[in-house]
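Please work through the exercises below with the sequence and the model open beside you. Each task is followed by a solution that goes step by step.

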Amino acid sequence: MRFVHISDIHSSVMPRSAGPWFDKRALGALNHLLRRKRHVRMEYLARAVTRIRSLAPDWVVITGDLTSIGSPDEFDLVLESLRPLREGPAAIPCIFVPGNHDAYVRNPAADAALRKAFGLLNGGRWEMDALPVEIEFPCLSVFVLDECRPTLPWLSTGRLTPAACGQFQAWASRSRRENEKRLLIGHYPCRLADGRRIDWRRRLEDDRLIQAAFDARQIDAALCGHCHTPFLRAESGGAMEICAGALTVHGRINVLDFSPLTGRFSQCWEDVSGNGHALIPIGAVTAAPG
Ligand SMILES: [Fe+2]
Ligand SMILES: [Fe+2]
């Protein structure tokens, strides 16, 4: 079973009305204009869509930050680019979780746009308010978290609701079914690539909860984004946390295969940052959790 994972597309459209220039979105728009814009290559997204189809995944996983300031225009832009994955007879099912930039401010139009994107990308399989959800596959349990709520202008933190914390702990601490492996999907990495904690302005506030589950060997693999440089971090117990990074900056696609027969995950990166003709796998790492 194959998961193809991308993250942090960060589409950007300058606000056309005055409202966004009087709240956090002004900072986000200026940040994009002054810092991020020169690194973002939206053509990587078009290449990735083509490449994803050729990889024939069972599921596409998108771990948030579709947008820069969570505006309806930005969601529309990225949804249009992703349309070939979700339409037609060869539509690929998708698991999408919001990123902090998708839930940027408390604004009815922005909230409606996020919910519309959530519904379209997830194919109506679950409502956003129903997260976290657990998806059962043969020998694999997938737990999908929504970690993002609007925050203060100087923060890009995430947090879980108390109910979500409880559901996560119940999932992680439950006795495993026979040969069951566990995959966690959320926006935030639990740790940086080198194992350090993410700084207080940018991390998931409940990261210690997730690290405790890693430490107890209750999770075998985790897919995330948020950090813009892709990485694969191996836990001492064999679990791996894979951050796909910003697709439109680094052009990386994370390909994670799971074999129900062996209970093993194997992972490799695809690179779409080349000239568009030579789409060459750039390396492979295999891991055999637990
Ligand atoms: Fe991001
Ligand atoms: Fe983020």
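The exercises begin with the whole chain and then turn to two residues.

This is a predicted model, in which local features need pLDDT of at least 70 and side-chain atom pairs count only at pLDDT 80 or more, while totals for chains, interfaces and linings use all residues. Residues are numbered from 1 along each chain as its sequence is written, and side-chain values use heavy atoms, with hydrogens and water left out.

**Exercise 1. The chain as a whole**

Task: State how many helices and strands the protein chain has, and judge its radius of gyration against the globule rule.

Solution: Begin with the secondary structure, where helices (H or I, at least four residues) and strands (E, at least two) are DSSP runs numbered from the N terminus. On that count the protein chain has seven helices and twelve strands. Next, take the radius of gyration, which is computed over C-alpha atoms, and the globule rule, which is 2.2 Å times the number of residues to the power 0.38. Finally, buried residues (under 20% relative accessible area, with a 1.4 Å probe and protein chains only) make up 54% of the 290 residues.

**Exercise 2. The surroundings of C148**

Task: Locate C148 in the chain, decide whether C148 is buried or exposed, and list the residues that C148 touches.

Solution: First, C148 is placed in the loop between β5 (140-144) and α5 (162-173). Second, C148 has a relative accessible area of 5%, and therefore counts as buried. Third, contact means heavy atoms within 4.5 Å, and, when residues up to four places away in sequence are not counted, C148 touches P98, G99, N100, A103, R159, H187 and Y188. P98 is 50 residues from C148 in sequence, yet their C-alpha atoms are 6.5 Å apart in space.

**Exercise 3. The polar contacts of D102**

Task: Find where D102 lies, and identify the side chain with which the side chain of D102 makes a polar contact.

Solution: D102 lies in the loop between β3 (94-96) and α4 (108-121), and at 2% relative accessibility D102 is buried. A polar contact is a pair of N or O atoms within 3.5 Å, of which, within protein, one must be able to donate a hydrogen and the other to accept it, and residues adjacent in sequence count only if both atoms are side-chain atoms. The side chain of D102 makes such a contact with the side chain of T67, at 2.9 Å, and a polar atom of the D102 side chain lies 2.8 Å from the backbone nitrogen of D65.

Conventions:
Chains are lettered from A and ligands numbered from 1 in the order in which they are written. Buried means under 20% relative accessible area, exposed over 50%, partly exposed in between (1.4 Å probe, protein chains only).
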